[in-house]
Amino acid sequence: MAQKIRVVIAKPGLDGHDRGAKIVARALRDAGMEVIYTGLHQTPEQIVETAVQEDADAVGISILSGAHMTLVPRIIEGLKQERGDDVLVVVGGTIPTDDADELKRLGVSAVFTPGAPTSEIVEFLREHVSVS
Amino acid sequence: MATTEDPTHLDSTGKWRRETYDSTPERTDELFTTISGLENEPLYTPDNVAFDYGRDLGYPGLFPYTRGVYPTMYRGQLWTMRQFAGFGTAEETNARFRYLLEHGQTGLSTAFDMPTLMGHDSDAPRSCGEVGREGVAIDSLDDMEMLFAGIPLDRVSTSMTINSPAAMLLAFYVCVGENQLVSRDRLRGTIQTDILKEYIAQKEFIFPPEPSMRLVIDMIEFCAAEMPLWHPVSISGYHIREAGSTAAQELAFTLADGFAYVEACIDRGLDVDEFAPRLSFFFNAHLDFFEEIAKYRAARRIWARELRERYGATNPRSWLMRFHTQTAGVSLTAQQPEVNIVRTALEALAAVLGGTQSLHTNSFDEALALPTENAVRLALRTQQVIAHETGVVNTIDPLGGSYHVEELTNKLEAEAYRYFDRIRELGGVVAAIKENFFQREIADASFRYQSEVERRQRVIVGVNRYELAEEQPVEILKIDPALEQKQIERVRALRARRDTAAVEAALAQLQREAATEDRNLMRSIIEASKAYVTIGEMCDALREVWGVWRETPVF
């Protein structure tokens, strides 16, 4: 039997907009993935720690506070230090196109903006995650 | 006219349905239920709708206020056009405020940044990257003075969207008023302060529910005594809806929160007629046009009835539900963002037909970033078109008596009462929060809706139908990252120049009073504000006494 994909859904920063995070978490779970949701108000360091502890294949960062250019790079850096290029990182939220391009340059695999169907996110993870 | 007493009606609608309607097939590609999942009949007539005009509708300005809270409604005065604004430091937002006032806006509405909402100063490590991003950064009275520079507080009404640290922001506003020689009894406006919906939906909480409720009641008590023109709480369904609830949940949970505040004030020993007239509400305007209109009408009727009958209010002003409305941010799409202008216009129209007292229309670019000035002006112009060009303001509650709207109003009301019973069985709002009741209900509803969208049973133009292969780029507002550093330097400079002994004394007093049950904290918070104690310092002092709240997330 194939290994289940393990995904950490993470809410960095101070904003409480968790509708998207919860919908995505549930959709991934319904698609047969193992989902760990960090809950709100996490620091980048806490998220990296969770991803390491949970041996995550992917981290989905949900952020709608406008702080993505500060917080996401810190998570990517932390993950690289702890896990090399082992963890796939995707981001969801209100991310302007220019910022999305920059985040991808820094190592984010995909950015999903409001309106993105969960099926697209499920598919993306299935295609791009290499289950260890 | 249909009445509940009419025994003579024949089921001609049923006959019509069987013999005429059912012979042609319906479309099956999209749902005919409301966005919230309520069933819609193809047709409403006197046969399938029952209401008693006098009991259920009545007249504008009279109990039960279904048709509107004021006798003249928009023929007397239009709603307040109030665009929520705030970004960067107080200086940038002050400029935006003046811009909006110059373009015909009639009230101010302040958006604070995340660190302010969460009670952290701009130079706190948790604030890194968030200063001035989602709203204006306010650390102390010093910033508040700059925010309202050149804006005479006796001539504007100001709304402030802040909850956990609401008491501090109210104190700052009172102090700015004093500096301008405007006494607190002349200040007009609203501060959100609705902490219950933070635990339920918006999740910007600091302290556990019990001390948070105490702070809310302290503010209500203080305003009842000293700020007769101020609304100390804006009981908010907006965020409940944005978190993914249905219209019925928004209605029910918001009213349940309202009743919880009323009960807490009565427990404090306040007379209901002392404070109830200053409670106000804040609802969402989503896309399901008639459902939204029905929601506002049901809300007014329920509030009036419960305040009069359950809580014994005798002053008619206590029965009135006045509310602000904002169009649904959650309905905006990043795809083909110009289409959001149309969505917002329709939502705003529903709010007006539902009798709102004030309105914020979202800007079309807000699924991407904070709005540009042009986008904000267009959103304001949308309201002005509704007010001045469409004629919908000429007649009060123009949809009153519509079979469909009356039926939906009844249905939403019945749904709300079912939720009130469940919340009561769980032991009240705070107990239900601790059991994750609301959070679970909302998560389920939001997932159901998303699933309908993904199955294309709900069409979202530009998202799951009529997509464009190549999206046109739109101009968006960039917040200068240097503003964060500027604000950090401001708050550090303030700390260096203020009287440290006064700061320490004020914080010690605040902690002493917070540790006892019987002191209203507003006075010591105002004293601390005058000593230029920051929000972060005051909140940290209270965190030490009260602890912090952490939720167990459900999805």
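## Where the two chains meet

In this predicted model, the contact between the chains draws 27 residues from chain A and 34 residues from chain B. On the chain A side, the elements that put in two or more residues are helix 1 (19-30), helix 3 (68-83) and helix 5 (118-128). Helix 1 of chain A has the largest share of that side, with five residues.

## Chain A on its own

Chain A is built from five helices and five strands. Read from the N terminus, the elements go β-α-β-α-β-α-β-α-β-α. Its radius of gyration is 13 Å, close to the 14 Å that the globule rule gives for 132 residues, so chain A is as compact as a globular protein of that length.

One backbone detail to look at here is H41(A), which has a positive phi of about 60° even though it is not a glycine. You'll find H41(A) in the loop between strand 2 (34-37) and helix 2 (44-53) of chain A.

## Domains of chain B

Over in chain B, the domain assignment gives two entries: domain 1 (56-85 + 192-454) and domain 2 (483-546). Taken over C-alpha atoms, the centres of domain 1 and domain 2 of chain B are 33 Å apart.

The two domains do touch: nine residues of domain 1 of chain B are in contact with seven residues of domain 2 of chain B. On the domain 1 side of that contact, the residues split into seven nonpolar, no polar and two charged.

## Helix 10 against helix 16 in chain B

Now for some helix packing. In chain B, the axes of helix 10 (residues 247-268) and helix 16 (residues 403-425) come within 9 Å and cross at roughly 50°.

Which residues do the touching? From helix 10 of chain B come A247(B), A248(B), L251(B), A252(B), L255(B) and A256(B), and they meet L412(B), E415(B), A416(B), Y419(B), F420(B) and I423(B) of helix 16 of chain B. Class by class, the contact of helix 10 with helix 16 of chain B has eleven nonpolar residues, one charged residue and no polar ones.

## Helix 6 against helix 8 in chain B

Another pair to look at in chain B is helix 6 (residues 166-179) and helix 8 (residues 209-226), which pack at an angle of about 25° with their axes 10 Å apart. Angles under 35 degrees count as roughly parallel, and helix 6 and helix 8 of chain B are therefore roughly parallel to each other.

A166(B), A167(B) and L170(B) make the contact from helix 6 of chain B, while L215(B), D218(B) and M219(B) make it from helix 8 of chain B. The residues of this helix 6 and helix 8 contact in chain B come out as five nonpolar, no polar and one charged.

## A cis peptide in chain B

One last stop on the backbone: F63(B) and P64(B) are joined by a cis peptide bond, with omega about 0°. P64(B) sits in the loop between helix 2 (53-57) and strand 1 (80-81) of chain B.

Definitions and conventions. Residues are numbered from 1 along each chain as its sequence is written. Chains are lettered from A and ligands numbered from 1 in the order in which they are written. This is a predicted model: local features need pLDDT of at least 70, side-chain atom pairs count only at pLDDT 80 or more; totals for chains, interfaces and linings use all residues. Helices (H or I, at least four residues) and strands (E, at least two) are DSSP runs, numbered from the N terminus. Axes are lines fitted to C-alpha atoms, for helices over the stretch in contact, and angles run from 0 to 180 degrees between N-to-C directions. Ala, Val, Leu, Ile, Met, Phe, Trp, Tyr, Cys and Pro count as nonpolar, Asp, Glu, Lys and Arg as charged, and the others, Gly among them, as polar. Angles under 35 degrees count as roughly parallel, over 145 as roughly antiparallel, 65 to 115 as roughly perpendicular and the rest as oblique. Domain bounds come from an automatic or database domain assignment. The radius of gyration is taken over C-alpha atoms; the globule rule is 2.2 Å times the number of residues to the power 0.38.
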